[in-house]
Amino acid sequence: INAEYMGSMEKPRSSTEEPHVVVSVPSPRVKPVSVFTVALLCGGNLMVSVLLVLSNKVAMSTYKFRFILTLTALHFFTTSLATRVSAWAGLFSPQRALPMRDIAQLASMGVLSIALMNASLNSNSVGFYQMMKLLLIPCTVVIQRTLYGLHFGWKVHTSLVFILAGVGMATVTDVQVNLLGCVFGLLAVLTTSQYQIWQGTKQKQFALNPMQITDTLMPYMFVLMLGAAVVMELPVLRYEWNMGASVAIATSCVMAVGVNILTYAIIGKTSAVTYQVVGHLKTCLTILFGYSLFPETIPDQLQTLIIGLLGIIIALVGMALYSDTKHKASLDPPQQDLFDRCPCACCAR
């Protein structure tokens with residue numbers, strides 16, 4: 001509340017009182033994020049994420065290192081080490097403004113979401129797991145509307161329908177449902193959506209940049225994930241290490257540093273929904289790269305391949321609509337987007 005508003009709420013002064021000057025303090029304006037910055041963050045996140053997925057695939061498929069929690073703990077440890085070294089080198093100023101209660105909320109929710117996602121994958125068919133992941137965007141939209149009062153226009157909703165329909169066509173094949181897997185899937189969607197929302201709100205609330213919040217949270221997330229790995233993945237102690245597996249896992253850890261930091265950067269600069277849209281783009285690109293680098297992943301049936309490729313095209317159209325709508329709406333004054341220029345009657349104002 002600025003001084004001008006407070007002045008208007010004061011009781012009238014008597015004529016004997018000394019007059020005073022009311023100074024209007026303008027509300028701070030949030031500097032808009034440039035399109036170049038967002039594109040750079042998303043492009044970097046896409047690149048390191050695809051490399052992370054491919055290195056994980058090599059580690060798990062080629063070298064049989066199928067210990068997800070242990071690998072995630074190594075990711076958190078490497079990220080924490082990287083941010084500490086960066087702070088010691090003076091690349092950023094560490095900030096411990098995040099209260100312990102908020103650290104506990106974020107760290108526990110992040111680890112819980114990863115654990116539940118893995119439980120969902122282990123308890124469900126791949127098709128049902130992918131279908132549950134598609135619920136992340138609708139769940140995030142509902143949570144933000146209900147708890148945070150954030151509303152999305154019909155253009156954004158239409159773009160998201162294109163994205164979800166396309167990604168669903170490209171990824172959802174065999175769908176086998178069971179009660180335990182459904183429970184794990186729904187809990188994973190809820191925790192992941194809330195965690196990603198908090199990633200953005202906590203940065204803004206405590207004025208933290210991506211490096212600072214990552215540096216704050218990663219040690220706690222590493223300890224929690226390591227504890228989960230010790231309980232659930234003790235056979236990792238009997239794993240036979242070799243040079244190939246070590247290189248693949250080391251590459252995965254290095255890529256994870258970029259993914260973790262850029263995730264906070266994208267959510268902090270944009271929103272959890274935008275980050276999930278970028279995530280679906282990563283899925284599409286991973287499928288295409290997988291077809292190129294691992295020919296055995298190409299579906300045997302031509303119809304399945306055609307439906308998958310058509311789904312990727314539909315998803316990319318939805319992503320183009322979403323990015324154009326968000327960008328044109330952020331301009332001052334707002335400009336016409338692709339929906340406004342569409343000749344269809346359903347897109348008319």
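Which residue's side chain does Asn 56 join in a polar contact of 2.5 Å? Select Asn 56 and look for Ser 252: that is the partner. (A polar contact is a pair of N or O atoms within 3.5 Å; within protein, one must be able to donate a hydrogen and the other to accept it, and residues adjacent in sequence count only if both atoms are side-chain atoms.)

Before moving on, know that this is a predicted model, where local features need pLDDT of at least 70 and side-chain atom pairs count only at pLDDT 80 or more, while totals for chains, interfaces and linings use all residues. Residues are numbered from 1 along each chain as its sequence is written, and side-chain values use heavy atoms, with hydrogens and water left out.

**Stop one: around Asn 56**

(Helices are DSSP runs of H or I, at least four residues, and strands are runs of E, at least two, numbered from the N terminus.) Asn 56 counts as buried because its relative accessibility is 15%; the cut-off for buried is under 20% relative accessible area, with a 1.4 Å probe and protein chains only. Now show Leu 71, His 75 and Ser 252, which Asn 56 touches, leaving aside residues up to four places away in sequence. (Contact means heavy atoms within 4.5 Å.)

**Stop two: α6 and α11**

Next, select residues 136–148 for α6 and 272–293 for α11. Their axes lie 10 Å apart at an angle of about 175 degrees. (Axes are lines fitted to C-alpha atoms, for helices over the stretch in contact, and angles run from 0 to 180 degrees between N-to-C directions.) The two helices are therefore roughly antiparallel, a label for angles over 145 degrees. On the α6 side, the contact includes Leu 136 and Gln 144; on the α11 side, Val 273 and His 280 are among them.

**Stop three: α6 and α7**

Show Ile 137, Pro 138 and Val 141 of α6 against His 157, Leu 160 and Leu 164 of α7.

**Last stop: zoom out**

Show the whole protein: there are 13 helices and 0 strands. Of its 349 residues, 44% count as buried.

Methods
Parallel < 35°, antiparallel > 145°, perpendicular 65-115°, else oblique. Buried < 20%, exposed > 50% of the residue type's maximum accessible area, 1.4 Å probe, protein only.
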